[in-house]
Amino acid sequence: MSEEELKIPVHVAIILDGNGRWAKKRGLPRNMGHAEGCKVVERTVEDAARLGIRYLTVYGFSTENWKRSEDEVGALMQLFRYYMKRLLGIAKKNNVRVKMIGERSRFARDIIEGIGRLEDETAQNTGLTFVIAVNYGSRDEIVRAARKMLADAGAGRLTAEQLDEQAFSDYLDTAGIPDPDLLIRTSGEQRLSNYLLWQLAYTEFYFTDVLWPDFNKDELIRAIEKYNKRDRRFGGVK
């Protein structure tokens with residue numbers, strides 16, 4: 001199937017897995033795997049934009065990642081600082097809008113300011129929306145949404161009768177973003193790892209043994225080809 005024949009999903013979500021294993025296979029420090037993985041994120045953003053994907057969401061740093069060693073977390077924060085600056089240039093070049101989801105208050109002030117700059121300076125771009133989940137966990141997101149709803153209910157801004165699926169979705173970090181059509185997870189793992197649990201209710205899954213630093217446009221197209229062959233049904237109705 002040629003690129004022209006593909007039905008391109010509106011929203012693709014990716015769990016970027018395998019950076020550490022990629023480095024270990026090559027006798028390199030884990031941090032080198034993360035650095036290579038960041039380069040692949042850059043290329044994937046450009047590939048997705050050119051294919052016509054409208055939303056690309058990647059799992060950059062989970063709430064559980066803080067449990068990694070202090071050295072690894074510190075190195076990841078430095079990489080994040082570096083690639084936020086690079087991403088701004090890539091976003092401007094490709095007309096990409098950047099949005100971060102997750103609870104950002106735990107990050108250092110300069111990282112929080114960098115996230116704000118990325119979002120503000122790309123807000124008017126009209127191409128691909130690139131969503132990065134940082135300090136993100138889906139259960140944490142749902143709990144934070146519930147707290148906001150309780151606060152609004154207490155203030156008289158929300159009643160039980162007003163609460164339905166759409167109203168609940170509007171309290172999530174992904175408010176205003178369509179649910180993913182396709183989820184890709186690399187490295188052979190086949191679990192959601194607390195990622196977009198509400199949003200993935202009707203999403204098609206694609207698992208590949210390819211480690212994230214080896215992921216490329218060909219693998220992205222293979223995932224979309226598999227998506228094209230799925231018989232998409234919602235609630236039992238075609």
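**Loops, helices and cores**

Colleague: Where is Leu196 found?
Modeller: Leu196 is found in the loop between β5 (182-185) and β6 (204-207). Keep in mind that this is a predicted model.

Colleague: What is phi of Leu196?
Modeller: Near 50°, a positive value in a residue other than glycine. Most residues other than glycine have a negative phi.

Colleague: Buried or exposed, Leu196?
Modeller: Leu196 counts as buried because its relative accessibility is 1%, and the cut-off for buried is under 20%.

Colleague: And Asn95, what is its phi?
Modeller: Asn95 has a positive phi of about 60°, and it is not a glycine either. Asn95 lies in the loop between α3 and β3 (97-101). With a relative accessibility of 31%, Asn95 counts as partly exposed.

Colleague: Switching to helices. At what angle do α2 and α3 pack?
Modeller: The angle is about 20°, with the axes of α2 and α3 10 Å apart. α2 and α3 are therefore roughly parallel to each other. The crossing of α2 past α3 is right-handed.

Colleague: Which residues make the contact?
Modeller: From α2 they include Arg30, His34, Cys38, Glu42 and Arg50. From α3 they include Glu72, Leu76, Tyr83, Arg86 and Lys93.

Colleague: How do the residues of the contact of α2 with α3 divide?
Modeller: Into seven nonpolar, three polar and eight charged.

Colleague: What about α2 and α7, at what angle do they cross?
Modeller: Helix α2 (residues 30-51) and helix α7 (residues 217-228) cross at roughly 50°, and their axes come within 10 Å. That makes α2 oblique to α7. α2 passes α7 in a right-handed crossing.

Colleague: Which residues meet there?
Modeller: On the α2 side, Asp47, Ala48 and Leu51; on the α7 side, Lys217, Leu220, Ile221 and Ile224. The residues of this contact of α2 with α7 divide into five nonpolar, no polar and two charged.

Colleague: Core next. How many residues has the largest nonpolar core?
Modeller: The largest nonpolar core has 43 residues, and those with the most contacts inside it are Leu56, Phe130 and Ile184. Helix α3 (residues 70-94) gives the most to this core, with eight residues.

Colleague: What does Ile184 touch?
Modeller: Not counting residues up to four places away in sequence, Ile184 touches Val12, Ala13, Ile14, Ile15, Tyr206, Phe215, Leu220 and Ala223. Leu220 is also one of the α7 residues that meet α2.

Colleague: Last one, Ala23. In which helix does it lie?
Modeller: Ala23 lies in helix α1 (residues 19-25). Ala23 is buried, with a relative accessible area of 0%.

Colleague: What is Ala23 in contact with?
Modeller: Leaving aside neighbours within four places in sequence, Ala23 is in contact with Leu28, Pro29, Arg30 and Gly33. Arg30 is also among the α2 residues in the contact with α3.

Colleague: And how many residues apart along the chain are Ala23 and Pro213?
Modeller: They are 190 residues apart along the chain, and their C-alpha atoms are separated by 9.1 Å.

Methods: Residues numbered from 1 in each chain as written. Predicted model: local features only at pLDDT ≥ 70, side-chain atom pairs only at ≥ 80, totals over all residues. Heavy atoms only, no water. Axes fitted to C-alpha atoms, helices over the stretch in contact; angles between N-to-C directions. Helix = DSSP H or I, 4+ residues; strand = E, 2+ residues; numbered from the N terminus. Parallel < 35°, antiparallel > 145°, perpendicular 65-115°, else oblique. Left-handed = near helix turned anticlockwise from the far one by under 90°. Contact = heavy atoms within 4.5 Å. Nonpolar A, V, L, I, M, F, W, Y, C, P; charged D, E, K, R; others polar. Core = buried A, V, L, I, M, F, W, Y, C linked by side-chain atoms within 4.5 Å. Buried < 20%, exposed > 50% of the residue type's maximum accessible area, 1.4 Å probe, protein only.
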